[in-house]
Amino acid sequence: MNRQPNQEKITALYERLSIEDSRDVESNSIKTQKAMLTEYAEKNGFTNIRHFSDDGTTGLRFERDAWKQLIAEVEAGNVAQIVMKDLTRFGRDHVQVGNYLEMFRQRGVRFIAIAHGIDSMNPDTLEFAPFINIMSEWYSRDNSRKLRNAFRAKGRSGKPTTSKAVYGFLKDPDDKARWIVDTEAAPVIRRIFQMAVGGMGPGKIASVLRSEQIDKPGYHMAQIGVGDHQWDDENRRSYWQASTVSKILAKPEYAGHTVNLRTEKKHFKDKNITWKPKEDWLIFPNTHEAIVEQEIWDMAQKARTVKRRTDTFGEANPLTGFLYCGTCGRRMYNHRCNPCDSMDKAKGRVVHKKGRDAYCCSLYQICRHDCTMHYITTEAVSDLILETIRGATAYARGNEAEFIQAIRQASALRQGEAAKSHKKQIAKNEKRIAELDTLFRKTYEDFAAGRLTEKRFEQLSGGYETEQDALEKQASELAAELEQFDRDSFRADKFLDLARRYTEITELDAPLLYEFVQKVVVHEADKSSGKREQVVEVFLNHIGAFTVPAQVAADGGGDDKRAMWSDYKRSQRARAKQPTELPAQEEKTT
Ligand SMILES: [Zn+2]
C-alpha cells in the first residue's frame with residue numbers, strides 16, 4: 001500500500017451529530033468534529049479535503065444524506081481516504097459497518113477513526129474494529145435502554161411525555177412541561193361530561209353541539225394554532241362527531257391526570273410505535289388543573305358502558321346498568337309493557353292485564369338452565385335505592401363523627417392486609433429487577449469475551465428484559481392500588497360532601513343515580529317461609545354496601561339480610577323513626 005496520499009482523489013472528512021450527542025453538545029458538535037478532523041488531515045498531509053456532515057440523525061440506520069453522498073463518491077472511485085472521529089460516527093449496526101469496511105478495503109480506500117486508533121494502513125488496528133462495532137451496537141442498545149428508561153422515568157415522574165397538549169389545555173408559557181386550562185375550550189368539555197352523566201350518548205351529545213354551532217376541537221386548535229389535528233374548514237367548523245365526543249369522554253386528562261406511555265417501541269431499531277393496552281398506561285393523578293371533577297368523570301365512564309335503547313316508553317330506564325344478578329353476577333335487563341285488555345281464550349273473555357316494568361337476570365334470559373329469573377319490579381328496587389340514599393345521607397349529616405368513624409374502620413379492616421402484602425411484593429420485585437440488571441451485564445461481558453454466541457446472548461438478554469418488564473408492570477400496578485387505598489380513606493368525607501349537597505331527595509333520576517349508586521345486587525326471591533322474600537344489596541359510591549332494609553328481618557328474628565316486600569312500606573316508616581339504625585347495618589356488611 002502507498003503511504004503517500006493520493007493527490008487527485010478527495011479526503012473525505014465525515015462528521016455526524018447523533019441524537020445521543022445532543023446532551024453533550026460541546027465535545028461532539030459538528031463544529032468541534034470539523035476542527036478536529038481538519039487539523040488531523042493537515043497534520044498528516046492529506047489534501048483535497050471535503051466535509052460530509054450529517055446533522056442530528058441517529059446512528060441506528062444508514063439513511064443519512066451526507067453518508068450516502070460519501071458512499072456514492074467511494075463507489076465512483078473518487079475517495080482516497082475517509083477520516084472520522086470514532087467508529088460510532090459511522091454507524092452502530094456491526095453487520096453494516098463490517099460491509100462498509102469490506103467495501104473500502106476492496107476499493108483501496110484508507111479508513112481512519114481517530115479516537116479509536118483505527119487506521120486501515122495499519123492492519124493490526126483493524127483487528128479491534130469488529131469488536132468495537134459490536135461494542136458500539138451494544139452501546140446503542142444500552143443507550144436505547146437508557147433513553148427508554150429516561151423517557152419512562154420522565155413518564156413515571158408524571159411530566160407529560162407528549163409534545164402537544166390535548167384539546168382543552170394549553171402549554172404553560174413559563175413551564176413547557178405543565179398544562180394550563182384553555183378557558184375557551186373548558187366549558188365545552190364540561191358540557192359534554194354533564195350531558196354524558198345525564199344519560200346522553202356520544203351521538204346525541206354530538207348532535208346537540210352541532211345544533212348549537214359550537215366549534216369542534218380541530219377547528220378550535222387551528223384557530224389558536226396548536227396541536228397535530230388542526231382543521232381549518234370554515235363550513236364544517238361545528239361538525240361534531242360521536243367519535244370525537246367518545247374520545248373526549250375517555251381522557252383522564254380532563255380530571256387533572258397525566259397519561260404517559262400510551263405507546264411504545266418494541267425494539268430499539270424500530271421506527272414505528274405501537275399502541276399499548278389501556279391497562280398498561282401510566283396514569284399520574286392530579287398533575288394539572290382538572291376541567292371536570294373526578295366524580296363527574298367517573299360517572300361519565302360508567303354512563304358510557306351502559307347501552308341505552310329508547311323503546312315505546314321513550315327514555316330508557318335509568319336503572320339499567322346498575323342492577324346485577326346476585327347469583328351469576330351478570331347485568332339485569334329491563335322488561336316493560338303497557339297495561340292492556342286482551343282476550344283470554346281459556347277463560348273465554350277479555351281480561352285486563354296490568355302493565356309491567358321489571359328487571360330479570362340477563363343470563364337467565366339467554367339460557368334458562370344457567371341462572372334463575374331474579375325478578376324484581378322497577379318500582380320496588382327504585383324505592384329501595386331511594387330509601388337507602390335518603391337514610392344514609394340523613395344519618396351522615398346528623399351523625400358526622402360516628403359516620404366517618406364507622407366507614408374508616410370498615411375500610412381500614414378491608415385494606416390493612418392487602419396493603420401489607422402489596423408492599424412486600426413491590427420490594428420483592430425491585431430486588432429481582434436489580435438482580436436481572438446484574439445478570440444482563442454479566443451475559444453481555446460473556447458475549448463480548450466470546451464465551452457466548454450472539455444468538456445465545458440475544459436469547460438470554462431478551463428473556464431478562466421480558467421478565468424485567470413484567471415485574472416493572474406488576475410493581476406499578478400494585479403501587480397504583482396502594483395509592484387507591486390511601487385515597488379510599490377519604491371516602492367518608494366525599495360521601496359527607498354529597499350528603500350536604502343533596503338534602504332534599506325526592507326522585508330517583510339519572511344524575512342522582514350516578515352520583516350515589518355504585519351498583520345494586522339483586523338476589524333470588526325465597527318463598528320458603530310462605531312469603532316472598534328477596535335480598536337486595538345497594539352499594540353506594542364512596543362508602544359501599546348497605547343491606548336494605550335490615551330491621552324488617554330483625555323483627556322476624558331470622559336471617560338479618562331478608563327483606564319482605566309486603567312489609568317494605570311499613571319498614572320505611574319504622575326507619576324514619578330510627579335513624580340510628582345505620583351503624584349496626586354497616587357492621588353487618590363488613
Ligand atoms: Zn343470574
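Begin by selecting residues 186-197, which form helix α8, together with residues 242-250, which form helix α11: in this predicted model the axes of these two helices come within 10 Å and cross at roughly 90°.

Next, show the side chains where the two helices meet. On α8, select Ile189, Ile192, Phe193 and Ala196, and on α11, select Val245, Ile248 and Leu249, for these are the residues that make the contact.

Now move to the strands, and select 332-337 for β13, 356-361 for β16 and 376-377 for β17. They form an open sheet of 3 strands in the order β13-β16-β17, and the pairing is antiparallel. β13 and β17 stand at the edges, where each has a single partner strand, so one side of each is left without a neighbour in the sheet. Looking at β13 beside β16, you will find the two strands running antiparallel and joined by 6 bridges. To locate a particular position in this pairing, select Arg336, which stands opposite Asp357 in β16.

Finally, select the whole protein chain, whose secondary structure comes to 21 helices and 20 strands. Of its 590 residues, 28% count as buried. If you display the contacts between residues at least 6 apart in sequence, 65% of them join residues at least 24 apart.

Definitions and conventions
Residues are numbered from 1 along each chain as its sequence is written. This is a predicted model: local features need pLDDT of at least 70, side-chain atom pairs count only at pLDDT 80 or more; totals for chains, interfaces and linings use all residues. Two strands pair if DSSP finds at least two bridges between them. Helices (H or I, at least four residues) and strands (E, at least two) are DSSP runs, numbered from the N terminus. A residue is buried if 20 or more other C-beta atoms lie within 10 Å of its own, exposed if 12 or fewer, and partly exposed in between; C-beta atoms are placed from the backbone. Two residues are in contact if their C-beta atoms, placed from the backbone, lie within 7 Å. Axes are lines fitted to C-alpha atoms, for helices over the stretch in contact, and angles run from 0 to 180 degrees between N-to-C directions.
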